[in-house]
Amino acid sequence: MNQDSDGKDPREARREKLRKIEEMGIDPFGCRFDDRSFIADCRQRSETEIKWTRQDGEEVPLPDFADENLDYRQWKADNGPGAESGPTVRVAGRIMLSRDTGKLIFANIRDWTGDIQIFIGKKQVGEENFALAKLFDLGDLVGAEGRLGRTNTGELTVFAEKLFLHSKMLEPAPDKHAGLTNPDLRQRMRYADLAFNDGAMQAFLDRTKIVKSIRSTLDRDNFCEVEGPTLHVVPGGAAARPFATHHNALDMPLTMRIALELHLKRLMVGGMERVYELGRVYRNEGISPRHNPEFTMLECYQAYGDYGTMMDLTEQLIVDAIDAIGGGYIRQFDGKTIDFTPPFQRATYADLFQKATGIDASDEAAVIEHAKKLNLETEGKHPDVIRNEIFEEQVEDTLEGPIFVIDYPASICPLTKRKRDNPEIAERFELFVLGMELANAYTELNDPDLQQQLFETQLQGLEEEDSMAKMDHDFVRALRYGMPPAGGLGVGIDRLVMILADKKSIRDIILFPLLRPE
RNA sequence: GAGGGUGUAGCUCAGUCGGUAGAGCAACGGACUUUUAAUCCGUUGGUCCAGGGUUCGAGUCCCUGCACCCUCACCA
């Protein structure tokens, strides 16, 4: 780069200022800063603690600063002579905007609670502080101590008496208005995205609230949070391609887990009657706006419940999550309206199939014929697999929801208990919202012999890796020790957050999505 | 994996018919003690994603590759 010390390159200009700050004997990377106030708290305190007192000692109520047409300078003239008083505060944050009018600098700083303006007057802060302020750049982390008050235009302001530099930013700042919009850079440099894009943090804070809410709902119902292994010898509990890895000392192949299910059920056998895990799972598959190779699942299991119990729980979890982030049960996603007011709609798989295709789901010949019309591959596939492909193609995408689809064909549910009066139907539901599967729940299969048989019988037309029916001998042995009848629920946390935060891409709610290296 | 789009200054983006690179912001110099994307005057800044080709001449046309975005497929 151009290293003329005329500072043409923004990076070099910042380095040059860094050197000057060091020459002033100031550490450009700051130190502990006690007694600082969050900006949101300053804003709140300003409402009661900024006062206007006339010279005669009478306190005059301040005008409405939210009023766009307010001329505070005029108001002061009309209500004076007098003086404004306010508490002294210490604030810290990143410089987002700055206006230098010579011997007076206005800087807008931001901490994670909000923005506030700082008034830096040469006379008010003194020569040394002012010289430091002249070396501030957009993006620097700074601090100010001073009186909280209002400028002539009514803007809430910290009138600085002392200034601090907490960290000099050595990279050029993004466009001060547009921010960092390049989606690649936003994901690669999430720090810059969060720091410079208005509202970028909100979806992530909502995510945290939703996860906290889920924990609190489950804890309230006496569920116990546990941590299962993420390195699995047999990748089970879902139909997905796992990431392969290897343990050196044991010279043993391992996979990253694709689901939480089988270990949680082992705990049910052990007597942990209500367990859940909120954890990361890994699937070695395509990346899309709705798929990231690692994502977060909730799975919970309740002894002596069934899938109906889980339906109630699902509604409760979602309702509580919405209460946690606010905004009400009627929500927008991508311009569409979704009503989460419970109870959610319920419909059986067979009815939805009948309605969408006009044919009876149990009429195998008609199903196969219909599949051929849709150009679906039917050769060598189990009729239930074909039927499910039709269901996905013609039903799932049309489900606006929230809707519980209940009672799935048993053959595509190898971990699910069958209906007592109809072994062809499994007690399973999936919750759909705008074509997205948000939750999946079963009355759990606890018959070890049937489980073993289902593991052994590969579904026709499915590769082993495409089937959930992967033999896990230890799991079957666990079932032989006796697992109570139970309801189990899985929730895709990322998709729930997407829908509740109105974000179309999973990358907008995963802080560090997987990217190719630069 | 298939199709489409994008890639130009630190950031956000223009760039006509193929004719020697543009703006705003940022940066640098100057003026300004109540500004609000401050304003005003001046200046600097380019491996036009990479490589190859066509051409007298390529940011522009062609080919290959890379990255990202969108749609589809995969993800039961």
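Reply:

**Packing around L489**

Leaving out residues up to four places away in sequence, L489 touches L298, E299, C300, M310, L313, T314, L317, F429, A439, N440 and A441, where contact means heavy atoms within 4.5 Å. This is a predicted model, in which local features need pLDDT of at least 70 and side-chain atom pairs count only at pLDDT 80 or more, while totals for chains, interfaces and linings use all residues. Residues are numbered from 1 along each chain as its sequence is written, chains are lettered from A and ligands numbered from 1 in the order in which they are written, and side-chain values use heavy atoms, without hydrogens and water.

L489 is a member of the largest nonpolar core, which has 45 residues. Such a core is a set of buried Ala, Val, Leu, Ile, Met, Phe, Trp, Tyr and Cys residues joined through side-chain atoms within 4.5 Å; buried means under 20% relative accessible area, exposed over 50%, and partly exposed in between (1.4 Å probe, protein chains only). Together with L489, the residues that touch the most other members are I214, L218, L298, F340 and F429. Helix α9 (residues 307-325) gives this core its largest share, 9 residues. Helices (H or I, at least four residues) and strands (E, at least two) are DSSP runs numbered from the N terminus.

Helix α8 (residues 261-269) has E261, L262, L264, K265, R266 and M268 as its buried residues. They pack against β13 (274-282), β14 (294-303), β21 (436-443), α14 (473-480) and β22 (486-492). After α8 comes G271, with a positive phi near 105°.

Q452 sits in helix α13 (residues 448-456) and counts as partly exposed because its relative accessibility is 23%. Beyond residues up to four places away in sequence, Q452 touches M471, V476 and R480. From Q452 to D472 is 20 residues in sequence and 8.5 Å in space, C-alpha to C-alpha.

As a whole, chain A holds 15 helices and 22 strands. Its radius of gyration, 30 Å, is well over the 24 Å that the globule rule gives for 518 residues, so chain A is more spread out than a compact globule; the radius is taken over C-alpha atoms, and the rule is 2.2 Å times the number of residues to the power 0.38. The C-alpha trace spans about 90 × 55 × 50 Å along its principal axes. Of the 518 residues, 49% are buried.
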